[in-house]
Amino acid sequence: MATFRPIASALRTLNQYHTKQLFYQPSRKNLFIFKLFQNSKLVPSFMTKRSFSSTPTLMSVKDADENDVDNVDDVEEDTEINSEEDFIQKYLDPKDRSREIHHEISIKYMESVAFKAAYGDQPVWWKYRRNFAGNRLPFETRETCIRSGKIDTGSPCPICRDEYLVIDYRNKALLKQFMDPYTGQVLHPNKTHICQKQWRKMQVHMEKAKDHGFLDIDAPQVEYDYNEYVEKKN
């Protein structure tokens, strides 16, 4: 069979050449040779399939399928174990913020004994002190405390340091701690020390909570002089 290998290689090269010519400038010769190679009766047997194998047959098709199924099951078990280990590792990592906490969990957390023990009756930002370089306070807080799902600073802001504090328009207890009781506006971040990203998110959810009726709005009383709207007759 080794003597037929150069012939088979030359025939394959010829077939590829005339097949490519059909896409550029086809001729009758190219079409004839292409159809000739498509006819399995005219093509030599050593062109269509290999008559021998240099490696011994190790298993049947049925055994190969069973092994594939077993391999898939093993891979699934390994991924489940790895996913559980990753979850536990992320859960125990105090700087990991890749887990998404639902707003209902945050609401229940703010009503729990753990929240009262950590913050007492004061707002969450009351006892916060930011570390910064130099002797002068920066003009504004940092842009964000979380990058790539992890805290990348030594003193994260009051919202980013506690993963169970979720800013949401339905979390009224948290929003009221960042709202001025006199004006109803969001407190400036230089006072609450939250990062710029959380401050922008706080502004959006504060307005959304007012639109949905979760927060009260003090509308100013306006008195009109209806005589100004009465048409005067000459």
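This is a predicted model: local features need pLDDT of at least 70, side-chain atom pairs count only at pLDDT 80 or more; totals for chains, interfaces and linings use all residues.
The protein has 9 helices and 2 strands. Read from the N terminus, the order of these elements is α-α-α-α-α-α-β-β-α-α-α. Of its 234 residues, 25% count as buried. Among contacts between residues at least 6 apart in sequence, 64% join residues at least 24 apart. The protein exposes about 18400 Å², and carbon and sulfur atoms supply 53% of that area.

Helix 5 covers residues 103–110, and its buried residues are His 103, Ser 106, Tyr 109 and Met 110. Viewed down the axis of helix 5, these buried residues fall within an arc of 115°, so they line one face of the helix. The cover over the buried residues of helix 5 includes helix 6 and helix 7, the latter spanning 172–177.

One of those buried residues, Tyr 109, also belongs to an aromatic cluster, together with Phe 115, Tyr 119 and Tyr 164. The structure holds 5 aromatic pairs. Among them is the pair of Phe 115 and Tyr 119, which is tilted, with 4.9 Å from centre to centre and 40° between the planes. A pair of aromatic rings is described by the distance of the centres and the angle of the planes.

Where do Phe 115 and Tyr 119 lie in the chain? Both are in helix 6 (residues 113–119), 4 residues apart, which is about one turn of the helix. An α-helix has 3.6 residues a turn, so residues three or four places apart point the same way. Phe 115 has a relative accessible area of 3% and is buried. Tyr 119 is buried as well, at 12%. Both values count as buried because they are under the 20% cut-off.

The next topic is charged side chains. Side chains of opposite charge can pair when their charged atoms come close. The count of salt bridges comes to 5. One of them joins Arg 99 and Glu 163, whose closest N and O atoms are 3.4 Å apart. This pair links distant parts of the chain, 64 residues apart: Arg 99 is in the loop between helix 4 (61–92) and helix 5, while Glu 163 is in the loop between strand 2 (150–151) and helix 7. Arg 99 counts as partly exposed at 22% relative accessibility, and Glu 163 counts as partly exposed at 22%.

Another salt bridge is formed by the side chains of Glu 143 and Arg 200, at 2.5 Å from N to O. Here too the pair links distant parts of the chain, with Glu 143 in the loop between helix 6 and strand 1 (146–147) and Arg 200 in helix 9, 57 residues apart. Glu 143 is partly exposed at 42% relative accessibility, and Arg 200 is partly exposed at 39%.

A further salt bridge is that of Asp 168 with Arg 170, where the closest N and O atoms are 2.8 Å apart.

The last stop is the surface. Val 222, Tyr 224, Tyr 226 and Tyr 229 make a nonpolar surface patch of about 540 Å². Of these residues, Tyr 224 lies in the segment after helix 9 (196–212). Tyr 224 counts as exposed because its relative accessible area of 52% is over the 50% cut-off.

Conventions
Residues are numbered from 1 along each chain as its sequence is written. Side-chain values use heavy atoms; hydrogens and water are left out. Rings of Phe, Tyr and Trp (its six-membered ring) pair if their centres lie within 6.5 Å; planes under 30 degrees apart count as stacked, over 60 as edge-to-face and the rest as tilted. Buried means under 20% relative accessible area, exposed over 50%, partly exposed in between (1.4 Å probe, protein chains only). The arc is that of the directions from the helix axis to the C-beta atoms. Contact means heavy atoms within 4.5 Å. Patches are made of residues with over 30% relative accessible area and no salt bridge: like charges are joined within 9 Å, nonpolar side chains (Val, Leu, Ile, Met, Phe, Trp, Tyr) within 5 Å. Accessible areas come from the Shrake-Rupley method with a 1.4 Å probe; for residues, only the protein chains shown count as cover. A salt bridge is a side-chain nitrogen of Lys or Arg within 4 Å of a carboxyl oxygen of Asp or Glu.
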